[in-house]
Amino acid sequence: MTDAPPNAPASRLTQADAEAAVRTLIEWAGDNPDREGLLETPARVARSYRELFSGYEIDPLSYLEKTFEETGGYDQLVVLKDIRFVSFCEHHMLPVVGRAHVAYLPTDRVVGISKLARVVRGFARRLQIQEKMTAEIAEAIQTVLRPQGVGVVIEAEHSCMTLRGVNAPGASLSTSHLIGVVRDDPRTREEFLRLVRG
């Protein structure tokens, strides 16, 4: 299932188009794309970008479709911490590297934990801003699983801020998106935040 992002172009450019663009950037930077060390760089970069932007090829919600109703009466938070991800800033196309913490309070079904990590990766492997990605992950879980509540916290370092511009190495951005009882019930919210911080 393909979930094209809003405003996506109707037709897909080819590998050759991507390689030509990389050659142009190499020349613009001041180097010769025909020198030995750079001859295969355009192809390598295009293949790398295909992998790094693979989130455009899938619908992250589809990962949540297979659920399990045999929960043994489990009615507490399900928390998956430290999901490592790499994304790209949509403003500078530079890496955003971080960790996501995802939780939900099930109603009558749960999902395999690897699927939560896949949802994070599906949204991360696109041009993104962290705030939007945080909300997308939470809303996807809420939409498909219909739990009592969802919590997502993301902490990430943005290369567009640490490698250029303000040049602030080590600075990280934290964002959160809370839904349902994870937002509205102080005890559940505190439990989620304590588990994430712990």
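Student: Which residues of α1 meet which residues of α2?
Tutor: From α1 the residues are Gln15, Ala18, Glu19, Val22, Arg23 and Ile26, and in α2 they meet Thr41, Pro42, Ala43, Val45, Ala46 and Arg47. Keep in mind that this is a predicted model.

Student: What's that contact like by class?
Tutor: The contact of α1 with α2 has seven nonpolar, two polar and three charged residues.

Student: And at what angle do α1 and α2 pack?
Tutor: Helix α1, residues 15–29, packs against helix α2, residues 41–52, at an angle of about 120°. Their axes are 8 Å apart.

Student: What do you call that orientation?
Tutor: α1 and α2 are oblique to each other.

Student: Is the crossing left-handed or right-handed?
Tutor: Right-handed, as α1 passes α2.

Student: New topic. Where is Gly122?
Tutor: Gly122 is in helix α3, which covers residues 113–124.

Student: Buried or exposed?
Tutor: Gly122 has a relative accessible area of 5%, so it counts as buried.

Student: How far is Gly122 from Val97?
Tutor: Their C-alpha atoms are separated by 14 Å, and the two residues are 25 residues apart along the chain.

Student: Now Thr162. Which helix is that in?
Tutor: Thr162 is in helix α5, residues 159–162.

Student: Why is Thr162 called buried?
Tutor: Because its relative accessible area is 9%, and the cut-off for buried is under 20%.

Student: Which residues are in contact with Thr162?
Tutor: Leaving out neighbours within four places in sequence, Thr162 is in contact with Glu157, Asn167, Ala168, Pro169, Gly170 and Ala171.

Notes. Residues are numbered from 1 along each chain as its sequence is written. This is a predicted model: local features need pLDDT of at least 70, side-chain atom pairs count only at pLDDT 80 or more; totals for chains, interfaces and linings use all residues. Side-chain values use heavy atoms; hydrogens and water are left out. Helices (H or I, at least four residues) and strands (E, at least two) are DSSP runs, numbered from the N terminus. Buried means under 20% relative accessible area, exposed over 50%, partly exposed in between (1.4 Å probe, protein chains only). Contact means heavy atoms within 4.5 Å. Axes are lines fitted to C-alpha atoms, for helices over the stretch in contact, and angles run from 0 to 180 degrees between N-to-C directions. Angles under 35 degrees count as roughly parallel, over 145 as roughly antiparallel, 65 to 115 as roughly perpendicular and the rest as oblique. A crossing is left-handed if the near helix is turned anticlockwise from the far one by less than a right angle, and right-handed if clockwise. Ala, Val, Leu, Ile, Met, Phe, Trp, Tyr, Cys and Pro count as nonpolar, Asp, Glu, Lys and Arg as charged, and the others, Gly among them, as polar.
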